[in-house]
Amino acid sequence: MRYINPLSLLDLPDGSSVETITPSFLRQQKRRLLAEFDLASETTIQVSGHELDKATMLKLFDELAEEELQQVHWKIQRLPELEAFLEEASLTYFYKGHIRELEGESRELLTYIGPYFAHSYNQRLLISFKQRDWEEIQVLC
């Protein structure tokens with residue numbers, strides 16, 4: 001269960017904000033990606049470094065249609081180290097000590113990222129144990 005920020009699917013203009021994502025903008029962006037699926041000879045396409053099948057892409061657009069989830073994704077995007085941990089299990093978030101900042105975040109954000117956080121954490125901890133990387137284990141703990 002790897003996190004993909006649905007905002008990464010959109011061709012957002014520079015300086016965009018949450019107000020940029022109108023229903024018509026979402027429809028336009030969805031049509032653009034569906035056209036890519038129609039043109040592709042594969043069942044998946046590459047979007048912003050993520051390999052997506054059509055069902056996953058549609059699920060991500062459904063999330064963007066929900067205002068509360070849209071706010072959560074904007075917040076995650078503004079926390080690049082957290083986003084990198086959720087997407088790639090990058091430990092920069094832990095090494096820089098930003099993990100303490102989660103305490104002040106909203107319940108909605110914490111509830112949403114919980115399963116993705118646990119997945120990345122468990123994955124990284126298992127790799128650290130297998131490699132006997134005690135420094136990384138200490139950072140995680």
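Modeller: Here is a walk through the contacts, charges before rings.

Keep in mind that this is a predicted model, where local features need pLDDT of at least 70, side-chain atom pairs need pLDDT 80 or more, and totals for chains, interfaces and linings take in all residues. Numbering runs from 1 along each chain as its sequence is written, and side-chain values rest on heavy atoms, without hydrogens or water.

Let's begin with the charges. A search of the whole structure turns up six salt bridges (a Lys or Arg side-chain nitrogen within 4 Å of an Asp or Glu carboxyl oxygen). One of them joins Arg 32 to Asp 11, with the closest N and O atoms 3.3 Å apart. That pair links distant parts of the chain, since Arg 32 sits in helix H1 (residues 23-39) and Asp 11 in the segment before H1, 21 residues apart. (Helices are DSSP runs of H or I, at least four residues, numbered from the N terminus.)

Arg 32 has another partner, though. It also forms a salt bridge with Glu 36, where the closest N and O atoms are 3.5 Å apart. Arg 32 and Glu 36 are four residues apart in helix H1, so about one helical turn separates them.

Now for a bridge in another place. The side chains of Arg 124 and Glu 136 meet in a salt bridge, 2.9 Å from N to O. Arg 124 belongs to helix H6 (residues 107-131) and Glu 136 to helix H7 (residues 134-140), so this pair ties together parts that are twelve residues apart in sequence. Here the two ends fall into separate categories: Arg 124 is partly exposed, with a relative accessible area of 21%, whereas Glu 136 counts as buried at 7%.

On to the rings. The structure holds ten aromatic pairs (Phe, Tyr or Trp rings, the six-membered one for Trp, with centres within 6.5 Å; planes under 30 degrees apart are stacked, over 60 edge-to-face, the rest tilted). Among them are Phe 85 and Phe 94, whose ring centres are 5.1 Å apart and whose planes meet at 70°, so that pair is edge-to-face. Both Phe 85 and Phe 94 are buried.

Another pair is Phe 117 with Tyr 121, with ring centres 6.5 Å apart and planes at 10°, so this one is stacked. Both residues lie in helix H6, four residues apart, which is about one turn of the helix. Phe 117 is buried because its relative accessible area is 17%.

Which residues do the ring pairs gather into a cluster? They link Phe 85, Tyr 93, Phe 94, Phe 117 and Tyr 121.

Notes. Helix = DSSP H or I, 4+ residues; strand = E, 2+ residues; numbered from the N terminus. Buried < 20%, exposed > 50% of the residue type's maximum accessible area, 1.4 Å probe, protein only.
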